[in-house]
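Please walk me through this structure.

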Amino acid sequence: MEAKRATELLKKAYGESAEFRDGQLDAIRLACTPGSRTLVVQQTGWGKSVVYFVATRLLREQRRGPTLLVSPLLSLMRNQIDAADRLGVRALSINSTNREDWTAIAEAIRNDSVDLLLISPERLGNPGFREEVLEPLIERVGLLVIDEAHCISDWGHDFRPDYRRILQIVRRLPPEVPILGTTATANDRVIDDVRSQLGTELTVLRGPLTRKSLRVRALRLNDQAERLAWLAKYLPKLPGTGIIYTLTVQDSRRVAEWLRKNGIEAEAYHAGLLHEDRLVLEERFSKNELKVLVATTALGMGYDKPDVAFVIHFQRPGSIIAYYQQIGRAGRSLHKAEVVLLTGYEDDDIVTHFIESAFPPAECFQQVLSILNDQPIRGTRIESRVNFRPSQVQQALKLMEVDGAVRQDKDGYILLDPSWSREHLHAEAIGAQRHLELEQMREFVDGPVCRMQFLARALDDPFAEPCGRCDRCTGRELPAADAGQVAEAISFLRGSRLIIEPKKMWPAGFAGEGRKKIPESLLNETGIALSVYGDAGWGRMVASDKYHGNAFSDELLDASLAVLKERNFDFIAWVPSSSRCLVEEFACRLGARLGIPCKPAVLKVRQNQAQKMMQNSPHQLANVISAFDVAGPLTGSCLLVDDVVDSGWTFTAIGSKLRNAGCSSVTSFALASARPREDA
């Protein structure tokens, strides 16, 4: 490789003053060396994409085949296509958002008019893609690039099973094809795992991982109300635009709403948004039309906004590696950027939930394996026959498929290896490691060591040293929240209502094969939950009264009245319990205050298991549909009351029976929502 030609390409793209950073030319040289295996571990913003785009140009000028780039996120793909264009690289992407272009892109690849193809690792699991695009390309690939290569390792914070499919490509590539992996977040354990998969001849190029622009600080606050109050006080003082990371979708929405109420332009960004809506938010944020993007990990690897002036964590992440990657969004082109970690009492609960749900339990694999045979069976049928969440069943199938135990085709899943077991995944060892990482994050918050030095050591950075800028180095601590703002935040949380969306489809298998619509004549109206179970608003009081009180408090009654007083109902019914009568007593008090009669319209006719023990829709509905009956006939509109709503199937089952008995409408009301935590 000629360094002169590489430099010419760089200056043409970025101006005559552009120069390669330390290590970039070495990485380009290796990426152009036949048969090389290279892993580049450099801080975010170092310019890893420059390496593989310049290498692609050089290889194409040598009449080598196109580069195949495996990249994890759509937002990262969009940024990389723009960057490739600056370097004269003709880059195209095949992904879930451009299906109408797939045929034309496949034709362009066959005609060798594409320099670089970007795909997600999930695309490798698509039979049509493998047959129509990958097979014709595999023998002509000039360079394989694995971006965010730490995702290959299940020891990493962001392991993605589909990344293991890349190894199938590696085994089939001609031996002279160079392979380049890039990441900013790989400690020695992850590097060793990547080496074991890509080859012992792997060359690792490491640079210092600390960025001098970051001012890292941490602040322990008691609960969400204090953190919301602190944000309202502190954010207006920060120049520029930034990101607030939350651990859950629900929190991203709440924080954004709170900030807007305090005059701060903010929007929530999470996996539940439509692709088009995410694009709009990314564009607005890039143009500095938003002060804050309140994001889950959906805004993660590779998102490139060079002038992000601050990154704040609303909760403590589960690992140093995840935390480092997220703060890497800040200060790429700035002299100074603020990084603040807020932490409180519920952080451990959330992270522990994610750790424990990282792998499906052994029983899930066992039951799925017992159903599979040499005849194809669809995933939805498997889900309906086991008492596990659909996401757990899907993940179990994905892990077994990637591991070669099952195969998926258009007709469903087929078992290939009956001897396969969960032990192949070393899930217990990985879970133990995740708990150690959680303890490491606690140490990061409370320990005396320089924040950046701690991060660098945790990432096995040989260049770790005190930064001189964090709160540990300077002794400058962050101010606490004002008591008045905390009170306002509590009021906000208590005034924040959750919608209970009515179910519109029966689960698969309930009304025949497949999912069936619930007849409109049996549908519930949109309901309301007063709080999130256990939160700093009313949720903590609901939890305390439910298990330690003799009745739900008058404060909860007053709050419920405030929500319901503008609505009109002909009568109130409640979900009966086989043990305590708290809900019945509360419903009658509520009816007396609203001047609406209470009717014992719903009857418990058989004992059933606690609904929280049911993990998916078929089992949740089956657990309640025959446990309750209705004393009819009935007329008029009904308010159906319960203490906690979880899956929503109890309300759906009883509501359909009330409608069938003659009610004109049924509106569900719960004191709290305890929905399972949403994905990011």
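The model is a predicted one.

Start with helix H12, which spans residues 320–327. This helix is mostly covered. Eight of its eight residues are buried. They are Ile320, Ile321, Ala322, Tyr323, Tyr324, Gln325, Gln326 and Ile327. What lies over them? The cover of the buried H12 residues includes both strands and helices. Among the strands are E8 (214–220), E9 (241–245), E12 (308–313) and E13 (337–343). The helices include H17 (427–446) and H18 (451–458). Tyr323 forms an aromatic cluster with Phe444 and Phe454.

Now turn to the aromatic rings in general. How many aromatic pairs does the whole structure hold? A search finds eight. One of them joins Trp230 and Tyr234, and this pair is stacked. Their ring centres lie 4.4 Å apart, with 25 degrees between the planes. Planes under 30 degrees apart count as stacked, so an angle of 25 degrees qualifies. Both residues sit in helix H9, which covers residues 224–234. They are four residues apart, about one turn of the helix. Trp230 and Tyr234 are both buried.

A second pair brings together Phe365 and Trp420. Here the ring centres are 5.5 Å apart. The planes meet at 45 degrees, so this pair is tilted. The pair links distant parts of the chain, 55 residues apart. Phe365 lies in helix H14 (residues 362–371). Trp420 lies in the loop between strand E15 (412–415) and H17. Are these two residues buried or exposed? Phe365 has a relative accessible area of 2%, so it is buried. Trp420 is buried as well, because its relative accessible area is 4%.

The cysteines come next. A disulfide is a covalent bond between the sulfur atoms of two cysteines. How many disulfides does the structure hold? The count is zero. A disulfide needs the two sulfur atoms within 2.5 Å. Cys467 is buried, because its relative accessible area is 13%. Cys364 is buried too, because its relative accessibility is 0%.

Last come the spaces in the protein. The structure holds three cavities of 30 Å³ or more. The largest cavity has a volume of about 40 Å³. Its lining is made by Ile500, Glu501, Pro502, Lys503, Asn524, Gly648, Phe651, Thr652 and Ser668. Sorted by class, this lining has three nonpolar, four polar and two charged residues.

The largest share comes from H4, with six residues. By class, the lining of this pocket has eleven nonpolar, 13 polar and twelve charged residues.

Note on methods:
Residues are numbered from 1 along each chain as its sequence is written. This is a predicted model: local features need pLDDT of at least 70, side-chain atom pairs count only at pLDDT 80 or more; totals for chains, interfaces and linings use all residues. Side-chain values use heavy atoms; hydrogens and water are left out. Buried means under 20% relative accessible area, exposed over 50%, partly exposed in between (1.4 Å probe, protein chains only). Helices (H or I, at least four residues) and strands (E, at least two) are DSSP runs, numbered from the N terminus. Contact means heavy atoms within 4.5 Å. On a 1 Å grid over the protein atoms alone, a cavity is a set of points where a 1.4 Å probe fits but cannot get out, and a pocket is an open set with protein on both sides within 12 Å along at least five of seven lines; lining residues have an atom within 4 Å of a point. Grid points are joined across faces, edges and corners, and a volume is the space filled by probe spheres set on the points. Ala, Val, Leu, Ile, Met, Phe, Trp, Tyr, Cys and Pro count as nonpolar, Asp, Glu, Lys and Arg as charged, and the others, Gly among them, as polar. Rings of Phe, Tyr and Trp (its six-membered ring) pair if their centres lie within 6.5 Å; planes under 30 degrees apart count as stacked, over 60 as edge-to-face and the rest as tilted.
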